[in-house]
Amino acid sequence: MAKAISLHIGLNSVDPQQYEGWSGPLNACEADANDMIDLAESQGFTAAKLLTKKATRKAVLDGVADAAKNLKSGDFFFLTYSGHGGQAPDLNGDEPDGQDETWCLYDGQLIDDELYSSWGAFASGVRVFLLSDSCHSGTVSKAIHYRDKSRSGPPPVYRAMPDEVALRVYQNHKGFYDPILKNRNMSEALGAVKASVLLISGCQDNQLSQDGTFNGLFTGTLKTVWNGGTFDGSYRRLHTAIGSKMPPDQTPKLSLVGANNPAFIAQRPFMLDDAPKKGSSVAKKKKGSKKKHKR
């Protein structure tokens with residue numbers, strides 16, 4: 001049986017001293033993390049969580065690094081994040097839209113380049129599955145689009161750091177963020193990833209993710225589809241099933257970073273055995289190749 005480690009991050013607020021007076025209050029991010037740790041443990045993962053004040057930049061990066069040190073080919077790392085998403089100016093030229101996406105951790109933003117760089121520490125053959133229930137957009141035009149939409153009932157709360165806060169945070173902390181944003185080694189990090197990193201995000205880059213009463217919209221929908229473990233599809237089918245239940249202005253995104261691994265994508269989600277899901281096209285091909293070998 002493969003070794004399986006998971007880490008679950010949920011922030012209902014951030015340190016206003018690090019975000020220019022903004023505390024970023026949210027309702028259901030800690031609940032998301034608690035529900036994901038329950039799911040992980042039910043599937044056999046050794047799970048840990050970082051909630052709000054404990055979800056610091058160092059704690060998250062150390063948690064990912066520790067997993068990388070302890071996992072080998074065929075093993076599994078499951079990482080979830082629920083909280084605010086932000087943006088910072090792309091200073092190393094790796095973003096077509098000129099913006100780096102961020103996770104708003106308690107004591108500062110984690111730049112997506114840093115997360116990509118951390119994948120490079122995982123051994124070849126390790127499977128990494130990432131769920132990010134946060135906003136990955138922050139431009140003024142996108143914010144206006146959501147702000148002006150007419151809706152019945154109370155306005156939804158989005159997991160996005162406001163543009164004016166993002167600007168103040170960057171301008172007043174350039175000494176900290178610029179060395180990360182300008183690091184060209186990080187811009188080339190994706191090419192060095194040997195593991196297979198599968199991401200399902202709560203929305204597209206040009207959309208916002210909704211908070212909720214009991215869970216974020218994305219996490220709550222995932223739980224509905226997973227249905228206590230009765231879901232029997234692949235990761236691709238999981239992504240499709242979640243998307244079919246989401247509103248048109250919040251569309252989950254499926255992407256793969258690092259080594260191509262069709263068997264991983266074909267597996268039943270959270271499956272610890274690294275063999276393809278029974279009945280999948282990958283499994284059928286392997287079965288056929290074995291018969292040919294016997295001849």
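Author: A cavity is a set of points, on a 1 Å grid over the protein atoms alone, where a 1.4 Å probe fits but cannot get out. This is a predicted model, where local features need pLDDT of at least 70, side-chain atom pairs count only at pLDDT 80 or more, and totals for chains, interfaces and linings use all residues. Residues are numbered from 1 along each chain as its sequence is written, and side-chain values use heavy atoms, without hydrogens and water.

Reader: What is the volume of the largest cavity?

Author: Let's start with the count: the structure has 1 cavity of 30 Å³ or more. The volume, the space filled by probe spheres set on the points, is for the largest cavity about 50 Å³.

Reader: Which elements each supply at least two residues of its lining?

Author: Lining residues have an atom within 4 Å of a point. Among them are Met36, Tyr81, Ser132, Asp133 and Phe218. Strands (E, at least two residues) and helices (H or I, at least four) are DSSP runs. Those that each give at least two lining residues are β3 (76-82), β7 (127-133) and α8 (217-226).

Reader: Which are the edge strands of the open sheet?

Author: The open sheet has 6 strands with mixed pairing, in the order β2-β1-β3-β7-β8-β9. Pairing here takes at least two DSSP bridges. Two strands pair on one side only, and these edge strands are β2 (46-51) and β9 (253-258).

Note on methods. On a 1 Å grid over the protein atoms alone, a cavity is a set of points where a 1.4 Å probe fits but cannot get out, and a pocket is an open set with protein on both sides within 12 Å along at least five of seven lines; lining residues have an atom within 4 Å of a point.
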